[in-house]
Structures are given as C-alpha cells and as structure tokens.
Amino acid sequence: MVWTLPFLVAAPLFSGDVWSYLAQGAIAASGQDPYTIGPLPGLGAAHPADQQVSHYWIETPAPYGPAWLALSRSVAALTGEHLIAGVLLYRLIAIVASSLSPGRFPTSPGGPAPIRPPPSGWACSTRW
C-alpha cells in the first residue's frame with residue numbers, strides 16, 4: 001500500500017479522463033447542461049480544464065449519470081479553476097470509495113484466497 005503514495009501527488013497517468021470530469025463538473029456548476037454541451041462550447045478554450053481535455057472529447061457531452069455529475073459539480077464548485085486541487089479531490093474520493101467497497105480484497109473462510117495466475121497460454125492467444 002505504501003508504494004501507491006507517490007501516485008497521490010503525481011500527474012494523472014495512462015488516462016486524461018479526469019480533465020473531462022473537471023470540465024463537465026464546471027459546466028454543471030455554471031448552470032449549463034453537460035448532457036447537451038461539451039467542454040469546449042460550454043467553457044471556452046481559455047478554461048484551464050479545456051486546455052487539458054483530449055481532442056477526442058472536447059466537444060462531447062457528458063456520458064455519465066446524474067449522481068456522477070452531481071459529484072463532479074461539487075468538485076468543480078469546491079476547487080474552481082484549480083486543476084491540481086480538483087485532481088487531488090477526485091483521488092481522495094476514489095480512495096474513500098475504494099476503502100468502503102466490501103469486495104475490495106478476496107477472502108475465504110480460511111483466510112485470504114490465493115491469487116492464481118491465468119492459464120499459461122492466455123498471453124499467446126492474441127496476435128500482434
């Protein structure tokens with residue numbers, strides 16, 4: 001668990017979705033409908049979150065449900081245009097949600113369940 005601590009303060013890795021979450025939350029916080037308008041038309045190119053959103057998603061309306069958008073609106077209302085604060089708040093939310101998840105660790109009556117590797121041939125079945 002300790003090895004994950006540097007990731008709490010590192011830049012987002014492997015996915016830039018968090019920037020879209022921040023932009024959609026900012027759209028909702030501004031009183032607009034993120035289901036009908038994407039980040040670029042909703043916030044404008046000068047908004048800090050829009051400068052980070054992938055070009056694939058910059059004009060795409062929110063695909064997420066109302067609970068997620070309410071959460072994103074709250075994050076945007078609390079952090080404003082401070083992107084680092086927004087990313088850290090999303091990470092805090094993820095940590096809390098993960099810690100509350102009842103099935104986060106495999107267990108059995110005799111103790112932790114062994115982690116079994118997949119069958120040896122699984123990696124060879126895909127052609128590159």
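**Notebook: helix packing and core**

I began with the helix pair α4 (residues 66-79) and α5, whose axes come within 9 Å and cross at roughly 135 degrees. That angle makes α4 oblique to α5, given that angles under 35 degrees count as roughly parallel, over 145 as roughly antiparallel, 65 to 115 as roughly perpendicular and the rest as oblique. For my own reference, I noted that axes are lines fitted to C-alpha atoms, for helices over the stretch in contact, and that angles run from 0 to 180 degrees between N-to-C directions. The crossing of α4 and α5 is right-handed, a term used when the near helix is turned clockwise from the far one by less than a right angle, with left-handed kept for anticlockwise.

Before going on I wrote down that this is a predicted model, in which local features need pLDDT of at least 70 and side-chain atom pairs count only at pLDDT 80 or more, while totals for chains, interfaces and linings use all residues. Residues are numbered from 1 along each chain as its sequence is written, and side-chain values use heavy atoms, with hydrogens and water left out.

W68, L71, S72, V75, L78 and T79 in α4 meet A85, G86, L89, Y90 and I93 in α5. By class, this contact of α4 with α5 has 8 nonpolar, 3 polar and no charged residues, where Ala, Val, Leu, Ile, Met, Phe, Trp, Tyr, Cys and Pro count as nonpolar, Asp, Glu, Lys and Arg as charged, and the others, Gly among them, as polar.

Next I turned to the chain as a whole, which has 5 helices and 2 strands, running α-α-α-α-α-β-β from the N terminus on. Helices (H or I, at least four residues) and strands (E, at least two) are DSSP runs, numbered from the N terminus. Of the 128 residues in the chain, 24% are buried, with buried meaning under 20% relative accessible area, exposed over 50% and partly exposed in between (1.4 Å probe, protein chains only).

I went on to α2, asking how its axis lies against that of α5. The axes of α2 and α5 come within 10 Å and cross at roughly 105 degrees, and the two helices are therefore roughly perpendicular to each other. V18, W19, Y21 and L22 of α2 make the contact with L83, G86, V87 and Y90 of α5, and its classes are 7 nonpolar, 1 polar and no charged residues.

α2 also packs with α4, at an angle of about 85 degrees and with the axes 7 Å apart, so this pair is roughly perpendicular as well. Here Y21, L22, Q24, G25, A26, A28 and A29 of α2 meet W68, L69, S72, R73, V75 and A76 of α4, and I recorded 9 nonpolar, 3 polar and 1 charged residues for the contact.

I looked up the largest nonpolar core, which has 12 residues: V18, W19, Y21, L22, A23, A49, V53, I58, V75, L83, V87 and Y90. The elements giving two or more residues to this core are α2 (17-29) and α5 (83-100), and α2 gives the most, with 5 residues. Such a core is a set of buried Ala, Val, Leu, Ile, Met, Phe, Trp, Tyr and Cys residues joined through side-chain atoms within 4.5 Å.

Leaving aside neighbours within four places in sequence, V53 is in contact with W19, S20, A23 and I58.

Last I checked T36, in the loop between α2 and α3 (39-43), which is exposed, with a relative accessible area of 60%.

Definitions and conventions:
Contact means heavy atoms within 4.5 Å.
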